[in-house]
Amino acid sequence: MKHFTKIAASAAVLAMSSVVVQAEEFRLGLITPPPHIWTKAAEAFGTELNEASDGAHSVSVFPARQLGNEAEMLQQLQTGALDMAFMTVAEVSNRAPELGAFYAPYLADDIGHAGRILRSDTAISMLEPLPGQVGVVGLGYGMAGLRQIVSRGEVSSAEDLSGLKLRITPFTPILDFYNAVGAAPTPMPLPAVYDALANGQVDAIDMDAELIWVLKYYEHADTIVQSDHMMFPMVGLVSAKVWAGLSEEDRAMIAELMAKHVDSTIDAYVENDAKWLEQIEGTGKAYKKVDASFFGDAIEEWNGIWSEKTSSLDALRQTAAETK
Ligand code: BEZ
């Protein structure tokens, strides 16, 4: 509650010129397809908000980039044209580089550890500047597992990634990582990935286990590298303009329910990640399990770059040590 009070206070600063918006039919956008864990969580949030408000509020969920890509949705949140989103922290970190600290390679030992870091006070406190900095209120974290590498060619060492056109989610921390590895990182939004891998537009992709399995990316690959090299957090957002027009009661209800439903995605990944990885391994594709040593000096290089770009790294590492 302390966290939400602080967020409400920062958001209120933005309310000075805003009109009172009594939005009862909220629109929530995301880029993930309808069956995805994030989309289901968004729908469950909408249902519960409707029930909790005795039918006063409803949430229309727009999955699969129906309202635009994440950069466009973030702009819509800033203007108040969009009420809510479940969004990759990756996209938000393009506007709030402090959040780049979450992508420190091997910050989390495993998926459960990633969940504990995301649920920590340190992580939650990193949402506090968002209303003033980005024009959105961050109400809690979700996740999409840890990152793996899927390659059309053989990969037995990091040198094999050298010069490969390797698809990345468009955000700077991962760009810096693969540049340090010596690959040719190729930013590409999620919906373009399947065709790009299938037709050889990219040689490899950076992806999570769920989508490698569910969207069958492995079908167009020779090697899966289970590297678990980064966590991939998501954040539940409300437009700060919209937030400023809500009553205290509505804010409290939305804050509680959105935090609950984005958080539920952490449980879903912790529960299922090992199963997806086993299924991928069971496809008979070359499967290589590696740790930080696979990436050689690239991790130190990333740490050097990002210790200059974010002041949150030390606190997050401390939290990671305390939540092992
Ligand atoms: C991706 O860009 O790889 C991604 C985005 C959203 C959910 C999962 C993965």
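Three residues stand out on the domain 1 side: Pro-105, Tyr-106 and Asp-273 supply 24% of the area that domain 1 buries against domain 2, more than any other three residues. Keep in mind that this is a predicted model.

How many residues of each domain are in contact with the other? From domain 1 there are 28, and they meet 39 residues of domain 2. The centres of the two domains, taken over C-alpha atoms, sit 25 Å apart.

Domain 1 takes in 2–144 plus 232–273, while domain 2 is made of 147–230 plus 275–322.

## What holds the contact surface

Looking for salt bridges between domain 1 and domain 2 turns up 0. Polar contacts are another story: 15 residue pairs are in polar contact between the two domains, counting pairs with both residues at pLDDT 80 or more.

Which elements give two or more residues to the side of domain 1 that touches domain 2? They are helix H4 (89–93), helix H5 (111–118) and helix H12 (248–281). H12 gives the most, with 4 residues. Sorted by class, that side of domain 1 has 17 nonpolar, 8 polar and 3 charged residues.

## Around the ligand

There's a ligand here too, and the residues around it are Ile-31, Thr-32, Trp-38, Thr-88, Arg-147, Arg-167, Thr-169, Leu-190, Met-207, Asp-208, Leu-211 and Phe-232.

## Salt bridges in the whole structure

Search the whole structure and you'll find 8 salt bridges. One of them pairs the side chains of Asp-263 and Arg-119, at 2.7 Å from N to O. This pair links distant parts of the chain, since its two residues are 144 residues apart. Asp-263 belongs to helix H12, and Arg-119 is in the loop between H5 and helix H6 (121–125).

Key:
Residues are numbered from 1 along each chain as its sequence is written. This is a predicted model: local features need pLDDT of at least 70, side-chain atom pairs count only at pLDDT 80 or more; totals for chains, interfaces and linings use all residues. Side-chain values use heavy atoms; hydrogens and water are left out. Domain bounds come from an automatic or database domain assignment. Contact means heavy atoms within 4.5 Å. Buried area is the accessible area (1.4 Å probe) that two parts lose on being put together, summed over both. A salt bridge is a side-chain nitrogen of Lys or Arg within 4 Å of a carboxyl oxygen of Asp or Glu. A polar contact is a pair of N or O atoms within 3.5 Å; within protein, one must be able to donate a hydrogen and the other to accept it, and residues adjacent in sequence count only if both atoms are side-chain atoms. Ala, Val, Leu, Ile, Met, Phe, Trp, Tyr, Cys and Pro count as nonpolar, Asp, Glu, Lys and Arg as charged, and the others, Gly among them, as polar. A residue is near a molecule or strand if one of its heavy atoms lies within 4 Å of it.
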